[in-house]
Amino acid sequence: SEHSERLLYAATDAKELYAWKDTDDAISERPIAHTHLDVSAHEADVSDVCAVPPETIVTCSFDGKVVIWGGGIMVRSMQDPENANKPIMERGMLKLCLITIKPTGVAVF
C-alpha cells in the first residue's frame with residue numbers, strides 16, 4: 001500500500017523550531033530538524049507556526065508580527081503599522097492558517 005508522509009512543526013517560546021516526520025505508520029520520536037530562529041524576528045513568544053510547502057515556514061507572535069522563513073532564515077517580516085504603537089500584548093497574532101487564493105486574488109474562507 002502507498003504511505004503518505006507529513007512533517008509536524010512546533011515552535012518554542014525560546015524561538016526554536018522543530019520538525020518531526022509523520023508517516024502512516026508512526027511519528028518519529030526524535031525531531032528530524034531543529035533550528036534556532038533569529039531572535040530579533042519576534043519581540044514576544046511565537047504563538048503559531050504554519051508550513052507552506054515545499055520549504056517555507058510562517059510564524060506569528062504576540063508582538064503582532066508575521067514572519068516568513070526559508071531554510072531557517074528570515075525572508076520577510078510583516079506587521080500592521082496601526083498595531084505597532086499598541087502595547088505588545090495588545091498586538092497579538094495568535095493563529096495562522098494556509099488559505100487557497102483564487103486567480104482573481106480573492107481569499108477563499
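This is a predicted model: local features need pLDDT of at least 70, side-chain atom pairs count only at pLDDT 80 or more; totals for chains, interfaces and linings use all residues.

Guide: Residues are numbered from 1 along each chain as its sequence is written, and side-chain values use heavy atoms, with hydrogens and water left out.

Visitor: How many helices and strands does the chain have?
Guide: Helices (H or I, at least four residues) and strands (E, at least two) are DSSP runs, numbered from the N terminus. Here there are 0 helices and 7 strands, giving the pattern β-β-β-β-β-β-β along the sequence.

Visitor: What share of the residues counts as buried?
Guide: Buried means under 20% relative accessible area, exposed means over 50%, and partly exposed lies in between (1.4 Å probe, protein chains only). Of the 109 residues in this chain, 24% count as buried.

Visitor: How many salt bridges does the structure hold?
Guide: A salt bridge is a side-chain nitrogen of Lys or Arg within 4 Å of a carboxyl oxygen of Asp or Glu. The structure holds 2 of them. In one, K65 pairs with E43, and their closest N and O atoms are 3.3 Å apart. This pair links distant parts of the chain, 22 residues apart: K65 sits in strand 6, and E43 in the loop between strand 3 (33-36) and strand 4 (46-52).

Visitor: Which residue meets R91 in a salt bridge?
Guide: E43 again, at 3.8 Å from N to O. R91 lies in the segment after strand 7 (73-79) and E43 in the loop between strand 3 and strand 4, so the pair ties together parts that are 48 residues apart in sequence. Through shared partners, E43, K65 and R91 form one network.

Visitor: Are these three residues buried or exposed?
Guide: K65 counts as buried because its relative accessibility is 13%, and R91 is buried too, at 10%. E43 is partly exposed, with a relative accessible area of 48%.

Visitor: Which residues is V66 in contact with, beyond its neighbours in sequence?
Guide: Contact means heavy atoms within 4.5 Å. Leaving aside neighbours within four places in sequence, V66 touches V58, T59, C60, R76, S77, M78, M93 and L96. V66 belongs to strand 6 (residues 65-70) and counts as buried, because its relative accessibility is 17%. The C-alpha atoms of V66 and S77 are 5.8 Å apart, although 11 residues separate the two along the chain.
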